[in-house]
Structures are given as structure tokens and as C-alpha cells.
Amino acid sequence: MDINKEYHKNVVNTWTWDFYNKYKNSPWRWADLPFRDHITKQNLNHSEFFDKKITHKIKNISILEVGSAMGSAYDFMKKSGLIDLSNYTGVEVSKIGYSYCKKNYPEGNWIHKDFTKWSNLEKYDYSFERNAVHHMPSPIEQYEKILKSTKVSFITCFRSCLAGETIADLNISNFKTDTGIYYSSIINLFELIKLAIPLGFKNIKIVFGGAHEKISTNSNDAHFLSEKVNPDKIFLSRCRVLMIKSDSKSKPKIKFVVRPDTLLKNFEACLLIKKTLKEIKINF
Ligand SMILES: C[S@@+](CC[C@H](N)C(=O)[O-])C[C@H]1O[C@@H](n2cnc3c(N)ncnc32)[C@H](O)[C@@H]1O
């Protein structure tokens, strides 16, 4: 039996179990969201693009959240009073997540769907996802769908690697719940960047979160990574990437941010990121 083929048959149940209720209180910050209130100003300089403070209301916009869970991002934006949520859409596969949002935020457009099966996406000004795409098969294809439907900016947070191809295979890397098995995909940071630039996302900010915590190599454990994958060799890590669309024909601007202590602990990884980004910029 190919467990990757079986994934879609059970994905709703896999994400619908008691433990899921923990997502009710997930904390959110502006840094996790794609809004930049300077975006409509003329002659932006690069650093202004990445200022994360929201200082005035952002109105008349549409928003897509992938993996909206129990609506904690929606709740954060609603409580801020700064984001126009009248055209917000949240897509979520979990019955617990979807039902909770429908009940508690009935004004939102909540869609109960396996995102990987959603092909006819509308256009949205802003889109975001946090740690949801890396639980799906073919994560780069999922990003492509989101980016093609995004008009202004997108932000994502994911389990990353810096060497070797993106890994999305349940036999190699997975999580298990009481009700099923799901992907623990490892997304190559540079594959994502090389996807985004030709789609017009020329202003990119990468926040490198450093090495990922150790994952068990015992296939019975709840989080499993096969011994076939050497975490040090692929630079198994975490990243947050903000991408802003620009019509300009100019070269991509890619800002790389890392905390000083993370830089010291991950010096080789940071050098590799710097070097590869330089090559990417030259080639585009
Ligand atoms: C780790 S949780 C993150 C939740 C939330 N984004 C956050 O940061 O707190 C991953 C979310 O993605 C959802 N998800 C996973 N696979 C999905 C799929 N194929 N389609 C839609 N949602 C999915 C899960 O149900 C879950 O709500």
C-alpha cells in the first residue's frame, strides 16, 4: 500500500481529534502577517517594505488564509480593529477548526476543504499561511497556487532545508495523530524563492529561524524522520518568508534576517544562504 496515495482519503479525520483544540489559543503577531501599510506609497525604499508595524487601518482588501485552524489569526486581526475583514477567506481541512470558526466568527468566509484539492482559487490581495503548507503533499505546488492568486503580498512559515530537494513523502517524514498520518514536509528555501521571483514577487524578506529541533528516527514515534535523511547535511531548519509583488523590471531585492545568537549557532547555514541568494539575484 502506498501511504502517500491514501492521505487524501483520511485527511479530514487525521486533523480532527481532541488534541486539535490547542489551536484555539495560538498566538499571532503582525510579523506573521503579510500586511505592510506603506505598500501603496510611491518611491518606496527597500527597508520601508519590511517595516512590520501597522499604523493605520487597511481597508478594501481581500485576504486568504490557508490552514486557518480555529481562527486565531482572524481573532487577532479582528481585535486589532485595523484590518478590513469583510473579504477574508479561511480554508481549513479540520472539522473541529472549521466548525469552531463558523460558530464563533459567522461573518467570515470559512471553507472546509483539503487545500491540495482546491484548484480554482480566486484572486486575493493578501495571503498567508503558518505551518500548514509544510503538512501537505507537493508543498511547492501549493505555494504556486497561492502565489498565482496573490495580488499584493504573501507570508509563510515552514520547516526548511538549504540543501537537497524538498522532501514531501510520508514514508520518509511524518506526524501521526490518533486518527491518521500527515506530512512533515521539509521545504527547500531556494526552491520557494526561485518559484516566487518569476511570478513577480521581487521584494523578499527571509527570516532564518535556525536549526530545527531533533526529530526521532523511530518510525513509531509521533514525529518521525527517516535515517536516510541527514538533518545536518540538508541544514534542517525553520524559515519565515515575506514576499511582495512588484511590477518593476528591476532585479529582485532579497533581505536576509537572522538573530545574532542564531547566526553564531548556524554560521555555515547562514553563509550558504548568503551565497545562494547572491547567485539567485545574479541569475534573475
Ligand atoms: C500546525 S497547524 C497550524 C495552524 C495555524 N496556521 C497556526 O499557525 O496556528 C496546521 C493547520 O493546517 C491545516 N491543514 C493541514 N493540511 C491541510 C490541508 N490539506 N488542507 C487544508 N488545511 C490543512 C490543519 O488542519 C491545521 O489547522
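The following is a dialogue on how terms are applied to this predicted model.

Guide: In this predicted model, local features need pLDDT of at least 70 and side-chain atom pairs count only at pLDDT 80 or more, while totals for chains, interfaces and linings use all residues. Residues are numbered from 1 along each chain as its sequence is written.

Visitor: Why is F190 called partly exposed?

Guide: F190 has 19 other C-beta atoms within 10 Å. A residue is buried if 20 or more other C-beta atoms lie within 10 Å of its own, exposed if 12 or fewer, and partly exposed in between, with C-beta atoms placed from the backbone. The value 19 therefore makes F190 partly exposed.

Visitor: Where does F190 lie, and what is F190 in contact with?

Guide: F190 lies in helix 6 (residues 189-196); helices are DSSP runs of H or I with at least four residues, strands are runs of E with at least two, and both are numbered from the N terminus. Leaving aside neighbours within four places in sequence, F190 is in contact with T276 and I280, contact being C-beta atoms, placed from the backbone, within 7 Å. F190 and C161 are 29 residues apart in sequence and 8.8 Å apart in space, C-alpha to C-alpha.

Visitor: How do you know that the buried residues of helix 3 line one face?

Guide: The buried residues of helix 3 (residues 72-80) are A73, Y74 and M77. Seen down the helix axis, they fall within an arc of 100 degrees, so they line one face of helix 3; the arc is that of the directions from the axis to the C-beta atoms. Their cover includes strand 1 (63-66) and strand 2 (88-92).

Visitor: What puts the buried residues of helix 4 on the same side?

Guide: In helix 4 (residues 95-104), G97, Y98, Y100 and C101 are buried. They cover an arc of only 165 degrees around the axis, which puts them on the same side of helix 4. Strand 2 and strand 3 (109-112) are among what covers them.

Visitor: How do you know that strand 6 and strand 7 pair?

Guide: Strand 6 (residues 173-176) and strand 7 are joined by 3 bridges and run antiparallel. Pairing requires that DSSP finds at least two bridges between two strands, so the 3 bridges meet the condition. N174 stands opposite Y183 in strand 7.

Visitor: What makes strand 7 and strand 10 edge strands?

Guide: The open sheet has 3 strands in the order 7-6-10, with antiparallel pairing. Strand 7 (181-183) and strand 10 (223-225) each have a single partner strand, so one side of each is left without a neighbour in the sheet.

How values were computed:
Contact = placed C-beta atoms within 7 Å.
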